[in-house]
2 protein chains.
Amino acid sequence: MQGRRERKKLATRAAVRDAALSLAIRHGIENVTVEQIAAEADIAVRTFFNHFSSKEEAVISVAAAGAEALITEFRRRPAGESVPEALRQAVFVAMESHDEAGRDYVKTLQLIRRAPSLVPWQMAVLTAQESALADVIAERLGLTEPTARYPLLCAAMALAALRIALDRWLDQVPQHDPPRLDVFRAEIDGAIAQLETGLA
Amino acid sequence: MQGRRERKKLATRAAVRDAALSLAIRHGIENVTVEQIAAEADIAVRTFFNHFSSKEEAVISVAAAGAEALITEFRRRPAGESVPEALRQAVFVAMESHDEAGRDYVKTLQLIRRAPSLVPWQMAVLTAQESALADVIAERLGLTEPTARYPLLCAAMALAALRIALDRWLDQVPQHDPPRLDVFRAEIDGAIAQLETGLA
DNA sequence: TGCATCAGTGCACGTTGTGCATCGGCCTGG
DNA sequence: CCAGGCCGATGCACAACGTGCACTGATGCA
């Protein structure tokens, strides 16, 4: 991020991302062309594809950043916490901070709910994050085997729980602004508690 | 499936599916065009798009059929079994039967592992099946609320466990033919047992 | 047998995504 | 300071994708 060139690059990338998100929210992702996004961001169509390989990836990148923030938070939880507890806390911290990015994150989730064609892309991001989270969990537990079952399962369960909690939350609080974090907290607590107890 | 016309339609669909899978395995999905698939299946390009909206959907449809078979099996498990136990049995039955389709199913999974661009489509199928499975679970438990937490979590956990078990299985037995069902059974048992016990 | 239906097909057209060459601002070593 | 390399943005060409529309011929039905 040091040089001016890199800053410019990040700026255009952010501009493209914002333009894509804004247009998709206004007209629906299906009715937006890359050409329109490029025009809105005031860049060439070719430049768009230098940053994202499709319009879906552009809008999803916001959600990807959110998931990445979660993993960062999880990594800095104290080693004394159990894995589920650390996950719970990481989710809360990630949601409470990032006021600006968090707003866009919620917007993106609402967009995905209204555009089913985006779901696969969201899941692809989640799968990638699932791998990363599994690695962090394995590291936290001092496991050497990278493909051990527990970290993989745990990561999958955690992200699935998060996804379902978010989904149910957005169901209950359709367009609430500012978002009701207390309701969301209850959803997360319930889901993770279920995981700790087991499904039997 | 009664009339000759419908049989013909299913036949061409199957031909297209097989051609797509075969070509994708041979050359990699990236290096295969719809035109080539159409030629291999001896149909017009336009006809291809009458059956599938993309080549990815064509190859993924094999995996989709497999997931559908699982849900069908789950639905016919006796009501006495617990949800995790019913899932375990349904997976076994689904894997043991369908010798012909099952072979293609495994082939498709191996293809997906070597072609990351297919992941979003696979996840799309899994998400759809997750919804369906959640409905079946809710019905099995006599729940009226369609968005209750337990069925959603349970379905997500089950499919994630299945996905991880398959993944670890394909890691351990790279190209084994015939597939080592006993190893797979151990993977599934381990994963579901973990879910029953809980992650704490 | 006559009529409605519908899968398969060809065609036109807008959109997507990429390789390639180029331009021009930025960075760095001398 | 400045000359040359670096690199992001751009235009262009082109292959591939995906869809709407109209048509044909086989199929199913009364």
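Hi everyone. A residue is near a molecule or strand if its C-beta atom, placed from the backbone, lies within 6 Å of it. With that in hand, α1(B) gives the most to the surface near DNA strand C, namely four residues.

Some housekeeping. This is a predicted model, where local features need pLDDT of at least 70, side-chain atom pairs count only at pLDDT 80 or more, and totals for chains, interfaces and linings use all residues. Residues are numbered from 1 along each chain as its sequence is written, while chains are lettered from A and ligands numbered from 1 in the order in which they are written.

Let's start with one chain. Along the principal axes, the C-alpha atoms of chain A fill a box of roughly 50 × 40 × 25 Å.

How many of its residues are buried? Of the 200 in chain A, 37% count as buried, meaning 20 or more other C-beta atoms within 10 Å of the residue's own; exposed is 12 or fewer, partly exposed is in between, and C-beta atoms are placed from the backbone.Now for the partner. A rotation of 179° with 0.3 Å of shift along its axis superposes chain B on chain A, with an RMSD of 0.2 Å. That is the relation of a two-fold axis.

Where the chains touch, the contact takes 30 residues from chain B and 31 residues from chain A. Two residues are in contact if their C-beta atoms, placed from the backbone, lie within 7 Å. On the side of chain B, the largest share, eleven residues, comes from α8(B). The residues on that side divide into 19 nonpolar, seven polar and four charged. For those classes, Ala, Val, Leu, Ile, Met, Phe, Trp, Tyr, Cys and Pro count as nonpolar, Asp, Glu, Lys and Arg as charged, and the others, Gly among them, as polar. And 100% of the interface residues of chain B are also interface residues in chain A, so the copies meet through the same surface.

The largest nonpolar core has 119 residues, of which Met157(A), Ala161(A), Met157(B) and Ala161(B) touch the most other members. A nonpolar core here is a set of buried Ala, Val, Leu, Ile, Met, Phe, Trp, Tyr and Cys residues joined through C-beta atoms within 7 Å. Leaving aside residues up to four places away in sequence, Ala161(B) touches Leu153(A), Ala191(B), Ile192(B) and Leu195(B).

Back to the DNA. Of the 20 residues around DNA strand C, Gly3(A), Arg5(A), Thr12(B), Ala44(B) and Thr47(B) come nearest. The residues of this surface divide into four nonpolar, seven polar and nine charged.

Asp42(A) is found in the loop between α2 and α3 of chain A, and is exposed, with 11 other C-beta atoms within 10 Å. Phi of Asp42(B) is near 60° too.

Definitions and conventions:
Helix = DSSP H or I, 4+ residues; strand = E, 2+ residues; numbered from the N terminus. Least-squares fit on C-alpha atoms with pLDDT ≥ 70 in both.
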